[in-house]
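This report describes selected side-chain pairs, helices and packing in one protein model. Please read it alongside the sequence and the structure shown here.

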Amino acid sequence: MMTKILFAFVFALIPALAIAQDPAEVRRMFEAGQHDPVLQAAGASDAAPEVIYLAAQSAQKHGDTDVAKAMFARLLALPAGSPWHAVGLSGQQRLAHDIG
């Protein structure tokens with residue numbers, strides 16, 4: 001009986017995790033002030049750049065500049081031709097200026 005409940009819970013959770021990866025859904029969570037789920041969504045190695053950017057913003061709202069720097073570093077690691085690369089660079093420079 002307990003195994004069936006566990007499987008039901010896991011299968012119910014899988015679509016929720018998939019939705020949390022959707023950049024539009026992550027943006028809604030960010031705008032609603034739900035910053036922890038935004039940070040969790042960005043933890044996936046295949047997170048969209050939009051999600052990573054929102055996580056950097058969420059980390060800044062939490063006052064966690066180390067996490068924000070790490071998120072901007074992930075964007076900076078994208079190819080130089082990507083606009084998100086420039087966003088990562090800009091974010092890191094802004095954080096360095098705010099701290100220093």
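Arg 27 and Glu 31 both sit in helix 2, four residues apart, about one turn of the helix. Helices here are DSSP runs (H or I, at least four residues), numbered from the N terminus. The model is predicted, so local features need pLDDT of at least 70 and side-chain atom pairs count only at pLDDT 80 or more, while totals for chains, interfaces and linings use all residues. Residues are numbered from 1 along each chain as its sequence is written, and side-chain values use heavy atoms, with hydrogens and water left out.

Arg 27 forms a salt bridge with Glu 31. The term stands for a side-chain nitrogen of Lys or Arg within 4 Å of a carboxyl oxygen of Asp or Glu. The structure holds two salt bridges; the pair Glu 25 and Arg 28 also lies in helix 2 (residues 23-31), three residues apart. An α-helix has 3.6 residues a turn, so residues three or four places apart point the same way. Side chains of opposite charge can pair when their charged atoms come close.

| Salt bridge | Closest N and O atoms |
|---|---|
| Glu 25 and Arg 28 | 3.2 Å |
| Arg 27 and Glu 31 | 3.6 Å |

How accessible are the partners? A residue counts as buried under 20% relative accessible area, as exposed over 50%, and as partly exposed in between (1.4 Å probe, protein chains only). Glu 31 has a relative accessible area of 58% and is therefore exposed. Glu 25 is partly exposed at 21%, as are Arg 27 at 39% and Arg 28 at 47%.

A nonpolar core is a set of buried Ala, Val, Leu, Ile, Met, Phe, Trp, Tyr and Cys residues joined through side-chain atoms within 4.5 Å. In the largest such core, which has 18 residues, Val 26, Val 38, Val 51 and Met 71 touch the most other members. Two or more residues each come from helix 2, helix 3 (35-42), helix 4 and helix 5 (65-76). Helix 4 gives the largest share, six residues. In soluble globular proteins, nonpolar side chains tend to be buried together.

Buried residues of helix 4 include Val 51, Ile 52, Leu 54 and Gln 57. Leaving aside residues up to four places away in sequence, Val 51 touches Gln 21, Pro 23, Val 26, Ala 41 and Ala 42, where contact means heavy atoms within 4.5 Å.

Helix 4 has 14 residues, which at 1.5 Å a residue should span 20 Å, and its end C-alpha atoms are 20 Å apart, in agreement. The expected span is 1.5 Å times one less than the number of residues. After helix 4 comes Gly 63, with a positive phi near 80°.

**Ser 58 and His 35**

Which side chain makes a polar contact with that of Ser 58? The side chain of His 35 does, at 2.9 Å. A polar contact is a pair of N or O atoms within 3.5 Å; within protein, one must be able to donate a hydrogen and the other to accept it, and residues adjacent in sequence count only if both atoms are side-chain atoms. Ser 58 belongs to helix 4 and His 35 to helix 3. Ser 58 is buried, at 0% relative accessible area, and His 35 is buried at 11%.

With residues up to four places away not counted, Ser 58 touches Phe 30, His 35, Val 38 and Leu 39. On that basis, the contacts of His 35 are Phe 30, Ser 58, Lys 61 and His 62.

The structure holds two aromatic pairs. One of them, Tyr 53 with Trp 84, is tilted, at 5.9 Å centre to centre and 50° between the planes. Tyr 53 is in helix 4 (residues 49-62) and Trp 84 in helix 6 (residues 83-99), so this pair ties together parts 31 residues apart in sequence. Rings of Phe, Tyr and Trp (its six-membered ring) pair if their centres lie within 6.5 Å; planes under 30 degrees apart count as stacked, over 60 as edge-to-face and the rest as tilted. Tyr 53 is partly exposed at 26% relative accessibility, and Trp 84 is partly exposed at 23%. Ring pairs link Tyr 53, Phe 72 and Trp 84 into a cluster.

Gln 60 is also in helix 4 and touches Ala 68, Phe 72, Arg 94 and Leu 95, not counting residues up to four places away in sequence. Gln 60 and Leu 95 are 35 residues apart in sequence, with 9.2 Å between their C-alpha atoms. Gln 60 is partly exposed, at 23% relative accessibility.
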